[in-house]
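Hi everyone, thanks for coming. Let's have a look at this one together.

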Amino acid sequence: MLSRLFAPKVKVSAHCDLPCGVYDPAQARIEAESVKAVQEKMAANDDPHFQARATVIKEQRAELAKHHVSVLWSDYFKPPHFEKYPELHQLVNDTLKALSAAKASTDPKTGEKALELIAQIDKIFWETKKA
């Protein structure tokens, strides 16, 4: 009798540990946009001091973008998302590899590739938010 009195009346479930509003691929996109912008600036300036400073900034921003993508993959996306979007694991892996390539390169095309992949993650992310 007592167990029925204290039994939950409504069954609830949460998608994530914190409210989902803390996750957003925009964070990764902003950092990746910075990577590409630095790459473009590096192409237009051959001063060695500028190049050294730009390299440090580009690498830091690429690491931040990788961090944000990794957090989405490990903390936001759950098994139902991977079932609905079976390409998601490969997409995240490809995105992380593209960000690593952009980190190591001064070619803005590598930054653009990372941004294209982040846009695909963004699309899936917002589709999951509608569900």
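The crossing of H2 and H3 is left-handed, meaning that the near helix is turned anticlockwise from the far one by less than a right angle, with clockwise being right-handed. This is a predicted model, where local features need pLDDT of at least 70 and side-chain atom pairs pLDDT 80 or more, while totals for chains, interfaces and linings use all residues. Residues are numbered from 1 along each chain as its sequence is written, and side-chain values use heavy atoms, leaving out hydrogens and water.

Back to our pair: the axes of H2 and H3, lines fitted to C-alpha atoms over the stretch in contact, come within 8 Å and cross at roughly 160°, on a scale from 0 to 180 degrees between N-to-C directions. That makes H2 roughly antiparallel to H3, the word for angles over 145 degrees. Contact here means heavy atoms within 4.5 Å; among the residues making it are Ala28 and Val35 of H2, and Phe50 and Val69 of H3.

Now, which elements give two or more residues to the largest nonpolar core? First, the core itself: it has 22 residues, and Val69, Leu72 and Phe77 are among those with the most contacts inside it. Such a core is a set of buried (under 20% relative accessible area, 1.4 Å probe, protein chains only) Ala, Val, Leu, Ile, Met, Phe, Trp, Tyr and Cys residues joined through side-chain atoms within 4.5 Å. The elements are H2, H3, H5 and H6, and H6 gives the largest share, seven residues.

Finally, the whole chain has six helices and zero strands, taken as DSSP runs (H or I, at least four residues; E, at least two) numbered from the N terminus.

Terms used. Buried < 20%, exposed > 50% of the residue type's maximum accessible area, 1.4 Å probe, protein only. Parallel < 35°, antiparallel > 145°, perpendicular 65-115°, else oblique.
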